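Me: I would like to go through the labels used for this protein and see what each one rests on. Please set every value against its definition.

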Amino acid sequence: MNCNFCKPQAIALIGGGNSTPTVSGIIKFYQKQSCVLIVADIKGLPNTDTGFFGFHIHEGGDCGGIDFSNTKSHYNPDGTPHPKHAGDLPPLMLCGDTAHSSVLTDRFKVSDIIGRTVVIHDMADDFTSQPSGNSGEKIACGIIKKL
């Protein structure tokens, strides 16, 4: 049986920061030829005015530092302006305290992002402001690990 996207090649276990300890979840990364399917299941998100949360892959390899500062900037190997960074993803949308997202991208391969971080921000990405879309504070993070 040929099974597209049966087994993820990488995952990131998401945890909230000091101000958002209830945030948790898992993000799975599936490589299929030149595209990567990213599936995010997140719970415990705070109720916000807009119900949208910035969602990005960042350069850094750990979730440490004050307010996840060790995650550094958006993953951007080609030096492109925002929102064309390889790590720029569509925002997560709140439903209750949960968000689910599935997105297909060809901006990177799973092997390119192993050891990097996934970050959830407290505001929606505006897809305009430089360098990072004015998406606010980093409220949750996970390290992308190969399976």
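Me: What makes Cys63 and Cys141 a disulfide?

Reply: A disulfide is a pair of cysteine sulfur atoms within 2.5 Å, and the S to S distance from Cys63 to Cys141 is 2.0 Å, so the pair meets the definition. By this rule the count comes to 1 disulfide. This is a predicted model, in which local features need pLDDT of at least 70 and side-chain atom pairs count only at pLDDT 80 or more, while totals for chains, interfaces and linings use all residues. Side-chain values use heavy atoms, with hydrogens and water left out, and residues are numbered from 1 along each chain as its sequence is written.

Me: Why is the disulfide of Cys63 and Cys141 called left-handed?

Reply: The torsion about the S-S bond is about -75°, and therefore the disulfide is left-handed.

Me: What parts does the pair of Cys63 and Cys141 tie together?

Reply: Because Cys63 lies in the loop between strand 5 (55–58) and strand 6 (92–93), and Cys141 in strand 9 (residues 138–146), the pair ties together parts that are 78 residues apart in sequence; strands here are DSSP runs (E, at least two residues), numbered from the N terminus.

Conventions. Helices (H or I, at least four residues) and strands (E, at least two) are DSSP runs, numbered from the N terminus.
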